[in-house]
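Look at the structure below and follow the text from one part to the next. The paragraphs go through packing inside the protein.

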Amino acid sequence: MFTDELRRVPTRAPLARIWPPLAVAAIALILVALQVTALRSGFQGPLHSLLSDYVAAPKSITVPWVGFVLAMAGLPNRWRIAALSLAVVLDLAFAAERLLRGGALAFGNGPLIVITGLAAVAVYRWLKGESIPAFRGVGFGLLLIIATKVGDSWLSITAITRPKVVDEFALLADHALAQPSWLFGRLVEAGGPVLYGALHWVYIELPAAALVVAFYQLRNVRTEGWPRHFLVPTFLVLGLVGPLIYLLFPLVGPAFAFGAGGAGFQVGDYWPHTLPPIDLAPAAVPFDSKTPRNCMPSMHTAWALAVFIHSRPGPRWLRAGGSFWLVCTIAATLGFGYHYGVDLVAGAVLCLTAESVLREPVRGRVWTRLGFVAFGAAFLTVLVLCCRYLADVMARHPLVFGPLIIGATVGFVCAFYATFFARQAHAVAREGAATLPVRGGLTAAVLVGESAPQPEPGSSR
């Protein structure tokens, strides 16, 4: 129907013909393997959960619609209107049917069905030898939805395969950072239900914030093409790498290991009012088989920091929103007792490392990217190893390890900013000045060298 609006490229490079089926096969293999594991272990696997979202009540309202909006990024307006209309109609129809049966009010079926249909159209056209960049967003949207299902299954696997948790080690290590979880826990409790409700909404609606930033980045893809780097690949890479560390350093968080959330498995009921007694001989303690071991690193911190970073080149309202989401996410992760301070540091380091891998290298500085990746990987490895094997030493010498951790993190952040934001902004200013006309025998670059206004950091793409 709308074929004339989609750009066709009959011939394609051999590599472009090979990698899509390989990627699809790899994703299918992962889904099947996780589903088999789920059937043997007694929890709902990704394929079961995904199929349920087509016809039953979806687990999340936000994720399917976030994926749907992302899928619309490259499509022509008429395709967008038709897809949105169909998604809304289907969603309302499924919701009404559930209500008539006495079920819960839930949405999300419509966008998932429409995205699947668009993906089928893309595959059909690809098999005909056509390359249609407009459908690239459909792949990202569907991949984002699948990634959430894989993540849910992985969390169940962490609880099953790691029967013991090492929260006592993390507690000792956090003495070097002055136990921020206990501090924020008391602050959130003092703020009452209003503060708790606001932080909880920010915490669970992180995908919505990511959608706003991503859609702003992709607003011109139909005319300017897809950017080399944007927020969605960072989210996916973080979701792929971060959870692997859960198995190496299994934690359940202060509210569960040292608070009432442990439901009988906690060391004691301490959080957030009282710090547990210092035990310089920590040990791994048994915990239930349902609570995910998903603290180290803090993925919410990593994702919120990615939203913050990618909001920097945007307008003032987008930058303010990115800052707000980062601050509130940090307050929530600590104030709800979900994470220790070292978890947040690990999440921030992981985010900056992933960004260093994905971002376009600075011109003339080939080794900069390798240096960032090497430092980030080394920093994260050393931090986890210290928390596991030097926790008692960190507790004994907080004035040594605290400044070391904070100083290394601040140094990494400053180097990242200077390389990928401040340096590029300065380069753009110099290029802009060099194009001005000559005045009085002097180039405009010389005249405005000190007085020309500089673009805001991160304004270059």
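Phe 249 touches Val 166, Phe 169, Ala 170, Met 296, Val 384, Cys 387 and Arg 388, leaving out residues up to four places away in sequence; touching, or contact, means heavy atoms within 4.5 Å. This is a predicted model, in which local features need pLDDT of at least 70 and side-chain atom pairs count only at pLDDT 80 or more, while totals for chains, interfaces and linings use all residues. Residues are numbered from 1 along each chain as its sequence is written, and side-chain values use heavy atoms, without hydrogens and water.

Phe 249, Leu 251 and Met 296 touch the most other members of the largest nonpolar core, which has 74 residues. A nonpolar core is a set of buried Ala, Val, Leu, Ile, Met, Phe, Trp, Tyr and Cys residues joined through side-chain atoms within 4.5 Å; buried means under 20% relative accessible area, with a 1.4 Å probe and protein chains only. Helix 16 gives the most to this core, nine residues. Apart from this core lies another, of 22 residues, including Ala 71 and Ala 119.

Where does Ala 71 lie? Ala 71 is part of helix 3 (residues 62-71); helices are DSSP runs of H or I with at least four residues, numbered from the N terminus. Ala 71 has a relative accessible area of 0%, so Ala 71 is buried. Neighbours within four places in sequence aside, Ala 71 is in contact with Ile 115, Gly 137 and Val 138. The C-alpha atoms of Ala 71 and Arg 136 are separated by 7.6 Å, although the two are 65 residues apart along the chain.

Conventions. Buried < 20%, exposed > 50% of the residue type's maximum accessible area, 1.4 Å probe, protein only. Helix = DSSP H or I, 4+ residues; strand = E, 2+ residues; numbered from the N terminus.
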